[in-house]
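This briefing goes through one protein model by topic, from overall dimensions to single residues. Please read it alongside the sequence and coordinates.

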Amino acid sequence: MKFMMKNLIIVGNGTYAKMMKKYIDMTLFGQVLSYVADKEFIYETELDGINVISFEELFERFSEKEITLIMGIGYTQMSNLRKKIFERCKERGYRFENYIHPTAIIAPDAKIGEGNNILETVIIEAGVSIGNGNLFYGGVIIGHDSSVGDYNTFSVKAVTAGFVTIKNNCFLGVASAVKNDIIINDYSMIGAMACGYKDMAEYSVVVPARSEVLQHKKSTDCHL
């Protein structure tokens, strides 16, 4: 029986979109036919040997039954651009794939929407629910019985404990952590290596303690 690869179009034509093309090729996830972007943001008509087309051309040339879309838009504008384009494509009847790297571990009872990108060694524990259009970079862990809304970004090695609620359009920086039973409301940002240790209101920003170079101190003075 002949193996049929999925026909995919990557939404976006920037750095993140090109990264997703590499993941798709490396893992034989499907065949990328083209990138798609708004006309005013198409500066090159070809990237990585494939065409970059406008949304108008996408809607004219490809029916929603022929192709599926891969989210290729990063966290610009706290992911508002990702949300806007996801909703525009859904209104036209197109479906987004969940890209799941083969090294990711996802509990059998986890519920996942569409248009999520789950990269290498991500762990989604038991009882987790995930909405649409979320980006999970390598090494992320989502603790058991947690809820993730839509259009969130989890940077490399971001971690949540159990029973955490992450609402919509949030950003968790590299190696950030969220304590158990915490609610992170819309458009919150947790900086790299910072900790969400209590509930966060909309548009909150949390930064880590400062890392300082100790003056007049040598590494050999420290008792390790």
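Predicted model: local features only at pLDDT ≥ 70, side-chain atom pairs only at ≥ 80, totals over all residues.

Residues are numbered from 1 along each chain as its sequence is written, and side-chain values use heavy atoms, with hydrogens and water left out. The protein has three helices and 23 strands; helices (H or I, at least four residues) and strands (E, at least two) are DSSP runs, numbered from the N terminus.

**Overall dimensions and surface**

- The C-alpha trace spans about 65 × 40 × 40 Å along its principal axes.
- Of the 224 residues in the protein, 46% are buried; buried means under 20% relative accessible area, exposed over 50%, and partly exposed in between, with a 1.4 Å probe and protein chains only.
- The protein exposes about 12100 Å², and carbon and sulfur atoms supply 55% of that area. Accessible areas come from the Shrake-Rupley method with a 1.4 Å probe, and for residues only the protein chains shown count as cover.
- Among contacts (heavy atoms within 4.5 Å) between residues at least 6 apart in sequence, 29% join residues at least 24 apart.

- Two strands pair if DSSP finds at least two bridges between them.
- Strand β1 (residues 7–11) runs parallel to β5, joined to it by four bridges. Five bridges join β1 to β2, and these two strands are also parallel.
- L8 stands opposite T68 in β5, and its bridge partner in β2 is V32.
- I10 has I70 as its bridge partner in β5.
- In a regular strand the side chains alternate between the two faces of the sheet.
- Both faces of β5 (residues 68–71) are covered, with T68 and I70 buried on one side and L69 and M71 buried on the other.
- Five of the seven residues of β2 are buried, so this strand is largely enclosed by the rest of the structure.

**The parallel sheet**

- Another open sheet of five strands has the order β8-β11-β14-β17-β20, with parallel pairing.
- Its edge strands, β8 (111–112) and β20 (183–184), each pair on one side only.
- Within this sheet, β14 (residues 147–148) and β17 (residues 165–166) pair in the parallel sense over two bridges. V148 has I166 as its bridge partner in β17.

**The largest pocket**

- The largest pocket holds about 320 Å³ of space. On a 1 Å grid over the protein atoms alone, a pocket is an open set of points where a 1.4 Å probe fits, with protein on both sides within 12 Å along at least five of seven lines; lining residues have an atom within 4 Å of a point.
- Grid points are joined across faces, edges and corners, and the volume is the space filled by probe spheres set on the points.
- Its lining has 18 residues, and G12, N13, G14, I73 and L81 are the closest to the pocket centre.
- The elements that give two or more residues to this lining are α1 (15–26), β2 (31–37) and α3 (80–91). The most comes from α1, with three residues.
- By type, the lining divides into ten nonpolar, seven polar and one charged residue. Ala, Val, Leu, Ile, Met, Phe, Trp, Tyr, Cys and Pro count as nonpolar, Asp, Glu, Lys and Arg as charged, and the others, Gly among them, as polar.

**Single residues**

- I85 is found in helix α3 and counts as buried at 4% relative accessibility.
- Leaving out residues up to four places away in sequence, I85 touches V11, D38, F55 and I73. The C-alpha atoms of I85 and I73 are separated by 8.9 Å, and the two residues are twelve apart along the chain.
- L28 lies in the loop between α1 and β2. Phi of L28 is near 55°, a positive value in a residue other than glycine, and L28 counts as exposed at 61% relative accessibility.
- K157 lies in the loop between β15 (153–154) and β16 (159–160). Phi of K157 is near 65°, a positive value in a residue other than glycine, and K157 counts as exposed at 54% relative accessibility.
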